[in-house]
Amino acid sequence: MSGQQDGQQDGKRRGKYLVTGGAGYVGSVVAQHLLEAGHEVVVLDNLSTGFREGVPSGASFIEGDIRDAAKWLDDSFDAVLHFAAFSQVGESVVKPEKYWDNNVGGTMALLAAMREAGVRKLVFSSTAATYGEPETTPIVESAPTKPTNPYGASKLAVDHMITGEAAAHGLGAVSLRYFNVAGAYGTCGERHDPESHLIPLVLQVAQGGRDAISVFGDDYPTPDGTCVRDYIHVADLADAHLLALDAAVAGEHLICNLGNGNGFSVREVIETVRQVTGHPIPEVVAPRRAGDPATLVASAATARERLGWNPSRADLAEIVADAWEFAQARAK
């Protein structure tokens with residue numbers, strides 16, 4: 001296997017990895033981290049939501065669908081890092097078939113291609129949406145999984161598929177359940193269309209692209225009445241994926257939450273953007289959105305214990321500042 005026979009770099013073996021969805025936000029940052037660690041990276045993306053310019057320099061790029069992964073996967077690859085999925089919660093409610101077809105059907109085809117090629121290691125981009133509205137916080141991996149939308153349900157279905165694949169066919173897999181990912185790394189940052197994440201939406205107000213930011217509900221049982229979320233810097237998230245590659249054990253499916261364990265309210269985020277950008281951010285209070293829990297905060301104890309992961313960029317102002325720098329660079 002050429003992926004296992006490559007030379008050494010800084011005392012570590014150079015690996016070869018397929019990154020599906022590597023032209024998207026998180027996938028591109030992880031691909032960049034892999035390259036910086038000296039690995040060979042092949043990005044597979046159909047560009048339906050990703051951007052060709054998001055693929056890091058130094059990575060090979062294949063424009064294609066994960067259903068066709070068997071065309072390119074062979075035993076030279078050490079592992080697959082799987083980010084290729086639709087992720088818009090609202091869209092999943094009105095087009096659930098799109099999410100079942102791509103997120104679940106596409107992953108089933110990818111697992112079959114991996115089995116055929118003998119690639120027996122997987123890191124999967126999962127989500128806190130698998131938990132739905134939590135009964136207690138911080139949320140641990142043993143918490144009930146009750147997704148409230150087809151997006152979360154599709155990711156949970158894939159987690160179940162991976163568990164079966166590990167037990168039946170010896171796959172070594174790690175699912176990483178993200179909470180709120182934000183910030184930027186180098187030339188990689190958020191550029192969703194449509195944008196649905198709070199920090200880039202507030203930054204659009206600072207840039208003059210929006211008149212105001214909508215605050216969906218200010219009567220929640222939280223200190224300032226607005227929803228509280230756990231924000232994690234995308235670079236810390238990428239670090240966890242590289243650690244997960246080492247933690248994957250044949251026949252085991254490990255699930256880890258990724259978050260800082262601290263929550264910030266919507267109004268705290270808006271105020272931080274004001275401070276970082278120096279711009280006034282008008283607010284408009286809107287009705288609550290159905291299915292929005294008051295508080296979503298992760299327990300990342302499993303990631304610390306099993307992966308050795310400790311986020312180092314937990315300061316909200318740092319996360320916002322990196323996102324602001326990326327947003328300004330894109331606007332030039």
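User: In which order do the seven strands form the open sheet?

Analyst: A note on the source: this is a predicted model, in which local features need pLDDT of at least 70, side-chain atom pairs count only at pLDDT 80 or more, and totals for chains, interfaces and linings use all residues. Residues are numbered from 1 along each chain as its sequence is written, and side-chain values use heavy atoms, with hydrogens and water left out. Helices (H or I, at least four residues) and strands (E, at least two) are DSSP runs numbered from the N terminus, and two strands pair if DSSP finds at least two bridges between them. Here the order is S5-S4-S3-S6-S7-S8-S13, with parallel pairing. Strand S5 (60-63) and S13 each have a single partner strand, so one side of each lacks a neighbour in the sheet. From one strand to the next, the twist averages 20 degrees.

User: How many bridges join S7 to S8?

Analyst: Seven bridges link S7 (residues 121-127) with S8. Thr127 is placed opposite Tyr178 of S8.

User: Which strands does H7 touch as it packs on the sheet?

Analyst: Contact means heavy atoms within 4.5 Å. Axes are lines fitted to C-alpha atoms, for helices over the stretch in contact, with angles from 0 to 180 degrees between N-to-C directions. H7 touches S3, S6, S7, S8 and S13, and its direction makes about 160 degrees with that of S8. Helix H4 (residues 96-117) lies across S3, S6 and S7, at about 170 degrees to S6.

User: Which residues touch the most other members of the largest nonpolar core?

Analyst: Such a core is a set of buried Ala, Val, Leu, Ile, Met, Phe, Trp, Tyr and Cys residues joined through side-chain atoms within 4.5 Å; buried means under 20% relative accessible area (1.4 Å probe, protein chains only). Of its 40 residues, Val26, Leu34, Leu81, Leu176, Leu258 and Leu307 touch the most other members. H7 gives the largest share, eight residues. Not counting residues up to four places away in sequence, the contacts of Leu307 include Leu176, Ala240, Leu243 and Cys256.

User: Is H6 largely enclosed or open, and why?

Analyst: H6 is largely enclosed by the rest of the structure, because eight of its nine residues are buried. The cover of those buried residues includes strand S9 (180-182), helix H8 (266-277) and H10. The axes of H6 (residues 198-206) and H10 (residues 316-331) come within 10 Å and cross at roughly 60 degrees. Ile199, Leu203 and Ala206 of H6 meet H10 residues, among them Ile319 and Trp324.

Note on methods. Buried means under 20% relative accessible area, exposed over 50%, partly exposed in between (1.4 Å probe, protein chains only).
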